[in-house]
Amino acid sequence: QKQNGTSVGGYQQDSAFQSFTWCPLCSGLRKGLVDPFTPCINCIPATGFDLPSFAGVHLYSEFVNHDEEATLVASMDKLPWKPSQSGRNKQDYGPKVNFKRKKVKWEAFTGLPKSSEFLFQRMKALEILQDFNPVEQCHLEYVPERGSSINMHFDDTWIWGDRLVTLNLLSDTVLAFTHPKVACARIDVRLPRRSLIVVQGYARYDWQHGIQRDTITARRIALTLRELGPEFCGNGPHTGIGNQLLDIALSFSGCPLP
């Protein structure tokens with residue numbers, strides 16, 4: 001059920017929230033729900049609006065071209081999609097993790113899919129991702145007919161590391177952020193079709209993120225890659241497990257988890 005508010009560009013603006021739009025040109029914020037790809041005018045840091053720091057969002061438009069997008073989606077659609085929560089379907093490539101008990105199993109993990117190997121190589125050309133080594137790849141399919149969405153949440157910090165990397169396929173959408181200590185404020189990050197977003201730092205650890213139902217106007221697939229956290233690399237206590245997971249992941253010979 002939609003909440004009261006006004007619709008801006010097909011996106012329901014909730015009157016209960018003070019909305020801010022993140023600017024991909026300067027990483028500042030603008031008040032209201034506006035087109036972020038217009039020239040930078042009146043953008044200021046989140047702290048200038050008396051909000052906690054929102055540093056750590058990076059957006060790369062047209063990270064893949066139309067043909068590459070079509071090839072990626074075709075490779076996904078050749079394999080079964082599993083029903084997930086809130087009207088989503090999913091495909092998982094990665095270890096099976098029990099976040100509450102802090103247990104990880106990898107017997108069924110056969111690696112990331114061959115179709116994404118070129119993405120891994122292309123990410124290495126970005127300074128921010130030169131040392132990014134993904135160990136999990138998750139595909140989430142959203143469609144308006146099922147009212148697909150994902151509730152505001154923090155990604156796990158026990159096994160997953162600093163950078164959350166998502167390739168947005170098939171349609172534009174909006175990634176919303178809220179802060180648990182700031183009532184009635186939301187930051188909207190517009191994700192163009194075929195764009196790549198990296199979320200780290202304050203935006204990753206202090207702000208929750210989610211996808212509202214009203215932002216899904218056509219089929220959308222999020223291809224998300226996650227790296228290992230400090231307990232599983234470097235001098236962490238589970239580095240041995242982390243090395244095994246990376247060897248499997250970067251073989252790029254995987255099938256989705258059953």
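Asp 50 lies in the loop that links strand 4 (29–31) to strand 5 (57–60); strands are DSSP runs of E, at least two residues long, and helices are runs of H or I of at least four, numbered from the N terminus. The model is predicted, so local features need pLDDT of at least 70 and side-chain atom pairs pLDDT 80 or more, whereas totals for chains, interfaces and linings use all residues. Residues are numbered from 1 along each chain as its sequence is written, and side-chain values use heavy atoms, with hydrogens and water left out.

Asp 50 is exposed, because its relative accessible area is 74% (exposed means over 50%, buried under 20%, partly exposed in between; 1.4 Å probe, protein chains only). Its C-alpha atom is separated by 28 Å from that of Arg 213, 163 residues apart along the chain.

The largest pocket holds about 1200 Å³ of space. Its lining comprises 44 residues, of which Asp 92, Glu 136, Cys 138, Leu 140 and Arg 226 are the closest to the centre. A pocket is an open set of points on a 1 Å grid over the protein atoms alone, with protein on both sides within 12 Å along at least five of seven lines; a cavity is a set where a 1.4 Å probe fits but cannot get out, and lining residues have an atom within 4 Å of a point. Grid points are joined across faces, edges and corners, and a volume is the space filled by probe spheres set on the points.

The largest cavity has about 30 Å³ of space. Helix 2 (117–123) and strand 10 each supply at least two residues of its lining, and helix 2 gives the largest share, three residues.
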